[in-house]
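Please look over the sequence and the structure shown here before reading on. The briefing that comes after them is written for a reader who is new to protein structures.

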Amino acid sequence: MHPRDQTIFALSSGRPPSAIAIVRVSGPAAREVLTALAGKVPGPRQASRVTLRDAAGEPIDDAVVLWFPGPGSATGEDVAEFHVHGGRAVLAALLSEISGIQNIRAAEPGEFTRRGFENGKLDLTEAEGLDDLIHADTDRQRRQALRQLQGLLGDRARDWRERIIEASALIEAGIDFSDEGDVPLELQAPALKAIEALHDEIAKVLAAQGKAERLRDGLVVAIAGPPNVGKSTLINQLARRDVAIVSPHAGTTRDVIEVQLDLDGYPVTVIDTAGIRETDDPVEQEGVRRALARADEADLVLWLSDGGDGEAKSAGAAPVWIVRNKIDLASEDLSPPGGKAMAPDGGARIFAISAQRGDGLPDLIEALVEFAGAFFGASEGALVTRARQRELLRQTAASLKRSMELLGQGEELAAEELRAAAYALGRLLGRVDVEDVLGAIFQKFCIGK
């Protein structure tokens with residue numbers, strides 16, 4: 001039996017224990033499973049309260065069941081859902097009973113969504129949006145993923161593909177009527193106009209410079225500086241919990257510590273690195289090496305010092321902000337005028353804070369939010385959220401450009417470039433030749449989704 005003809009099941013809610021747990025079954029035997037456990041099949045999309053029983057007639061749980069006959073279900077197949085109490089014993093008994101039914105197997109990661117994709121319930125861009133929505137950590141990521149799931153890119157790609165096919169039909173009609181005098185030229189003009197408009201639209205989308213992709217990955221901020229200047233205290237303040245060991249002894253942090261933050265909806269990863277100094281300790285030397293490497297890869301470096309500006313050691317292209325810590329212990333006022341950050345000519349922005357007391361932290365956080373807003377740019381409404389999508393749109397635009405250059409010189413070659421453009425958009429939607437990427441995409445989903 002082909003795997004797609006098998007019936008699959010999985011826990012589709014969070015880990016037990018929980019108040020309610022949802023077990024989903026999809027495939028040709030879903031009705032059989034529902035009948036065996038609930039004793040009946042309720043009306044389509046109607047919740048029904050039943051007592052679930054095992055093969056021996058012993059009760060498993062007082063539950064709610066639902067029936068979604070295909071193709072009007074999320075996967076396009078017959079689907080049954082069991083809403084049970086989320087205790088481990090209840091789930092163990094239910095899953096054991098389901099697995100004992102013939103031709104039933106546990107689902108693989110993302111298999112429910114993949115079946116929905118294969119049955120035309122969503123295209124590949126929408127599936128990627130669903131994956132992004134599952135993994136969204138901030139509100140801006142959630143909104144972007146939801147737009148993708150609702151077909152923001154897919155709908156445009158389908159429209160582009162239809163218009164390419166229409167332009168291609170005009171060119172091929174001109175080829176068929178090549179002996180009819182002015183007919184080919186009359187067909188070429190509207191085709192060229194349509195291709196130019198398509199190319200300009202796609203080029204405009206590509207000109208967004210990957211802002212939506214960056215929103216998916218988040219902004220990386222590295223806190224660097226000499227030992228014992230308060231880097232761990234600062235990251236604890238930003239995280240509002242103890243994530244790094246704070247000690248008066250230099251060299252306490254030996255490895256890179258990462259914290260995920262939500263700054264006004266922007267996803268930010270803050271990295272606490274080992275104190276950078278000369279040392280004979282091989283473990284600390286490795287920590288310093290890793291610290292410098294991560295600082296070089298960051299999008300922004302906060303160079304922490306406890307007095308003067310210090311020498312910011314970052315070979316990367318990221319901007320470096322100097323953060324003067326421990327102003328509560330300083331003998332002189334190190335705060336910039338008005339408490340705001342300064343950017344001297346040719347120098348870095350400067351902040352003065354007390355990581356221990358919290359002085360100056362609101363100004364630093366406000367500046368980080370502003371930096372994140374400028375870094376991500378106007379990602380609202382962005383179409384492209386993944387490198388795969390951007391590459392296929394690049395191929396589409398390139399084929400459209402070549403078709404315009406060839407039109408009037410060799411109509412057959414121009415038509416072939418249009419077919420290549422339509423094919424690239426088909427791959428974007430997941431409708432042609434994408435078997436090599438399906439596994440990689442759906443394996444990232446959780447089991448039961």
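This is a predicted model: local features need pLDDT of at least 70, side-chain atom pairs count only at pLDDT 80 or more; totals for chains, interfaces and linings use all residues.

Of the 449 residues in that chain, 46% count as buried. Among contacts in the protein chain with a separation of 6 or more, 63% are between residues 24 or more positions apart.

**Helix α2**

- Helix α2, which covers residues 88-99 and so has 12 residues, spans 16 Å from its first C-alpha to its last, and this is close to the 16 Å expected at 1.5 Å a residue.
- Within α2, the residues Val-90, Leu-91, Leu-94 and Ile-98 are buried.
- Seen down the axis of α2, these buried residues fall within an arc of 90°, and therefore they line one face of the helix.
- Arg-88 and Ala-89, by contrast, are exposed and lie on the other side of α2.

**Helices α4 and α5**

- Two packed helices are described by the angle between their axes and by the distance between the axes.
- For helix α4 (residues 124-134) and helix α5 (residues 139-149), the axes come within 7 Å and cross at roughly 155°.
- Because angles over 145 degrees count as roughly antiparallel, α4 is roughly antiparallel to α5.
- The crossing of α4 and α5 is left-handed.
- Where the two helices meet, the residues of α4 include Leu-130 and Leu-133, while those of α5 include Ala-145, Leu-146 and Leu-149.

**A residue in helix α6**

- Asp-159 has its place in helix α6 (residues 152-176), and with a relative accessibility of 31% it counts as partly exposed.
- Although Asp-159 and Leu-198 are 39 residues apart along the chain, their C-alpha atoms are separated by 10.0 Å.

**Backbone features in loops**

- Most residues other than glycine have a negative phi, and most peptide bonds are trans.
- The peptide bond from Pro-16 to Pro-17 is cis, with omega near 0°, and Pro-17 is found in the loop between β1 (7-11) and β2 (18-26).
- Another cis peptide bond joins Gly-70 and Pro-71, with omega about 5°, and Pro-71 is found in the loop between β4 (59-68) and β5 (79-86).
- Asn-103 is not a glycine, yet it has a positive phi of about 65°; this residue is found in the loop between α2 and β6 (104-106), and at 46% relative accessibility it counts as partly exposed.
- Asp-264, also a residue other than glycine, has a positive phi near 55°; its place is in the loop between β8 (257-263) and β9 (266-272), where it is exposed with a relative accessible area of 52%.

Notes: Residues are numbered from 1 along each chain as its sequence is written. Side-chain values use heavy atoms; hydrogens and water are left out. Helices (H or I, at least four residues) and strands (E, at least two) are DSSP runs, numbered from the N terminus. The expected span of a helix is 1.5 Å times one less than its number of residues. Buried means under 20% relative accessible area, exposed over 50%, partly exposed in between (1.4 Å probe, protein chains only). The arc is that of the directions from the helix axis to the C-beta atoms. Axes are lines fitted to C-alpha atoms, for helices over the stretch in contact, and angles run from 0 to 180 degrees between N-to-C directions. Angles under 35 degrees count as roughly parallel, over 145 as roughly antiparallel, 65 to 115 as roughly perpendicular and the rest as oblique. A crossing is left-handed if the near helix is turned anticlockwise from the far one by less than a right angle, and right-handed if clockwise. Contact means heavy atoms within 4.5 Å.
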